[in-house]
Amino acid sequence: MDFILQPWPWFIGGPLIAISLLLYFYFGQNFGASTNFETLCTMSGAGKVSDYFKKDWKQRDYALLFIVGLIIGGFITEGYLIPDPTIDLNPDTIQELSDLGFLNVASQYFPDEIFSTEVVFSLKGFLILIVSGIFIGFGTRYAGGCTSGHAITGLSSLQFPSLLAVIGFFIGGIIATWFLIPILF
Amino acid sequence: MKNIKFLILGIFFAIVLSKTQAISWYRFYEMFTFQSFHMFGIIGGAVLVSAIFMQLFKTGKIKDINGHKITPKPKKKGYISTLFGGALFGLGWGISGACAAPIFVILGFKLVPALILLLGALIGTFLYGAISKKLPN
């Protein structure tokens with residue numbers, strides 16, 4: 001039981017993610033997470049505005065259950081499986097973020113500077129999250145996949161577009177962390 | 001109820017991502033600044049082990065629950081779309097520290113911020129759907 005409550009090392013995480021992919025395919029479906037954004041748009045009636053969303057979402061009921069599972073899993077882990085949320089971050093990273101003005105760096109999973117209630121309800125904090133979300137939604141559909149669909153499923157099945165997508169992910173991620181975050185904070 | 005297994009798999013996947021800290025904003029910041037091996041180990045390890053499974057799918061040694069051959073869907077081709085779309089996704093990921101699956105997991109940790117991210121992602125998806133025919137591939 002003690003092991004479950006400790007943070008899990010990377011060499012446990014990699015294989016367990018692969019086993020999740022294996023089971024998803026074994027159950028007869030293609031592993032990925034971001035198509036669900038499309039499905040949720042379809043369910044919200046986006047088909048009335050664009051033919052792109054005219055799909056039968058009921059065929060993706062399994063994926064919707066998977067998302068519900070993700071949410072439940074998040075609540076369970078947050079509530080019961082992480083007694084100590086400290087992140088064992090590189091001291092250089094901690095220093096860098098502290099210099100940018102971040103407080104209590106790595107004492108929990110999510111920095112208050114982006115995720116605290118106070119920040120989220122400020123104009124700047126709200127815009128940071130909503131615009132990030134728009135980039136995530138637009139980008140993942142334009143690229144045809146996210147970390148699960150491209151980086152893990154696509155790379156492991158040796159698909160060339162996925163390699164390009166992952167290079168794109170890193171170009172964007174590096175611009176964000178090296179240039180945008182120091183400007184925003 | 002035959003799909004209840006996907007619900008359980010979702011719970012399992014969420015626990016794996018959360019316990020390995022692969023949903024933490026700090027972990028992604030650290031990854032994009034190349035200051036830690038942790039996330040590279042997780043993603044790289046997942047890709048390597050998955051590659052072995054993909055070989056077993058290809059050779060038919062592992063079949064799906066109905067006895068059918070497993071073939072991952074081919075990804076759409078298009079240099080501009082994958083690279084540019086990927087970079088846009090990376091911008092959002094780098095700032096918010098969240099990619100697609102973790103947004104749903106983070107709902108269990110930070111409900112309101114995750115709802116805003118999800119709302120944004122749906123707006124972004126909607127925008128893409130509305131103009132997709134006019135975009136270069």
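Let's start with helix H1 of chain B. Of its 16 residues, 12 are buried, so H1(B) is largely enclosed by the rest of the structure. Keep in mind that this is a predicted model.

Which residues of H1(B) are buried? Among them are B:Phe6, B:Leu7, B:Leu9, B:Ile11 and B:Phe13. The list also includes B:Gly10, B:Ser18 and B:Lys19.

What do they pack against? Two partners sit in chain A: helix H2 (10–26) and helix H4 (61–81). Helix H5 (100–106) of chain B joins them.

Now a check on length. H1(B) covers residues 4–19, and at 1.5 Å a residue it should span 22 Å. The end C-alpha atoms are 23 Å apart, which agrees. Just after the helix, B:Gln21 takes a positive phi of about 65°.

On to the two chains together. Here 112 residues of chain A are in contact with 100 residues of chain B. On the chain A side, helix H10 (residues 160–184) gives the most, with 18 residues. By class, that side has 73 nonpolar, 34 polar and 5 charged residues.

One helix pair across the chains, then. Two packed helices are described by the angle between their axes and the distance between the axes. The crossing is right-handed.

Technical notes
Residues are numbered from 1 along each chain as its sequence is written. Chains are lettered from A and ligands numbered from 1 in the order in which they are written. This is a predicted model: local features need pLDDT of at least 70, side-chain atom pairs count only at pLDDT 80 or more; totals for chains, interfaces and linings use all residues. Helices (H or I, at least four residues) and strands (E, at least two) are DSSP runs, numbered from the N terminus. The expected span of a helix is 1.5 Å times one less than its number of residues. A residue is buried if 20 or more other C-beta atoms lie within 10 Å of its own, exposed if 12 or fewer, and partly exposed in between; C-beta atoms are placed from the backbone. Two residues are in contact if their C-beta atoms, placed from the backbone, lie within 7 Å. Ala, Val, Leu, Ile, Met, Phe, Trp, Tyr, Cys and Pro count as nonpolar, Asp, Glu, Lys and Arg as charged, and the others, Gly among them, as polar. A crossing is left-handed if the near helix is turned anticlockwise from the far one by less than a right angle, and right-handed if clockwise.
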